[in-house]
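Please read it alongside the sequence and the structure.

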Amino acid sequence: LDRGRRSYDRLQAWVWLILRLVLAAAMFYFGMAKVIPTQMPFVLNRLVEPFGNFSPAGVLWAQVGVSPAYQILLGVAEVFGGLLLLLPRTAAAGALVCVVDLTQVFLLNMTYDIRLKTVSSQLLLLSLFLLAPYARRLLTAFFTDRAVPAATTTQLFTRPRANRIALITQVGVGVALLVAFSAQGWRQFTRPTPNLYGIWQVETFSAEG
């Protein structure tokens, strides 16, 4: 609407903030489902199912589920990227970690025919979008010997106190999301199940004779 203005630096800062929180929330959601290994649980019926009957997704789920430590480490990497996104100073590192994490997730989804192809591709594109402003500086740091100048960022507000409150608020929102997803995963992980859950099937049932 303001045709006389050439750029919208403060509006852009708010857009970056919203996108960082959206991506961080997604990384917390999928990451905590692995840190508390509930996304890819190993079920006993895989032990009696012929390997030839496995779908590609079943192969991946069984391969990750049989090693809880590996699944937890995958989740830690995703949560780490989300945590870095909460602070403006570490946002570039967070976006870079998310690009690495989500590239692996996207390739697994595509090559093992997992249903979340669209979600993983959107999150990967969002990570690349957040990383784009730092691309030239990263290329200079990785592939040349030249010094990289400090980045200049536009603050959300004009007053320093308001910016400090905004920083505390966005970190608080991120931590609250992380705690909420952790509690959800823990409830699912600690839900009682029979010892032979998943390896038997009820064929008949009768009650009161």
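## Basis

Helices and strands are taken as DSSP runs, a helix having at least four residues and a strand at least two, with numbering from the N terminus. The model is predicted.

## Overall form

The protein contains seven helices and zero strands. Read from the N terminus, its elements follow the order α-α-α-α-α-α-α. The radius of gyration is 22 Å, well over the 17 Å given by the globule rule for 209 residues, so the protein is more spread out than a compact globule. The C-alpha trace spans about 80 × 40 × 35 Å along the principal axes.

Buried residues make up 31% of the 209. The accessible surface is about 14300 Å², and carbon and sulfur atoms account for 64% of that area. Of the contacts between residues at least 6 apart in sequence, 70% join residues at least 24 apart.

## Charges and salt bridges

Side chains of opposite charge can pair when their charged atoms come close. There are three salt bridges in the structure.

One of them joins Lys34 and Glu78, at 3.3 Å from N to O. Lys34 belongs to helix α1 (residues 9-35) and Glu78 to helix α3 (residues 68-85), so this pair ties together parts 44 residues apart in sequence. Lys34 is buried at 7% relative accessibility, and Glu78 is buried with a relative accessible area of 6%.

Another salt bridge links Glu49 and Arg46 at 3.0 Å, N to O. Glu49 is partly exposed at 23% relative accessibility, and Arg46 is partly exposed with a relative accessible area of 23%. Asp113 and Lys117 also form a salt bridge, with their closest N and O atoms 2.8 Å apart. Here Asp113 is exposed, at 52% relative accessible area, while Lys117 is partly exposed at 25%.

## Asp101

Asp101 sits in helix α4 (residues 91-111). Asp101 is buried but has no salt bridge; Lys34, the nearest side chain of opposite charge, is 9.2 Å away. A salt bridge requires a side-chain nitrogen of Lys or Arg within 4 Å of a carboxyl oxygen of Asp or Glu. With neighbours within four places in sequence set aside, Asp101 contacts Met27, Ala77 and Glu78. Glu78 is itself the salt-bridge partner of Lys34.

## Thr140

Thr140 is part of helix α6 (residues 135-143). Its relative accessible area is 13%, so Thr140 counts as buried. Residues up to four places away in sequence aside, Thr140 touches Arg146, Ala147 and Val148.

Methods
Residues numbered from 1 in each chain as written. Heavy atoms only, no water. Rg over C-alpha atoms; globule rule 2.2 N^0.38 Å. Buried < 20%, exposed > 50% of the residue type's maximum accessible area, 1.4 Å probe, protein only. Contact = heavy atoms within 4.5 Å. Areas by Shrake-Rupley, 256 points an atom, 1.4 Å probe, with all protein chains shown as cover. Lys, Arg positive; Asp, Glu negative; His and termini not counted.
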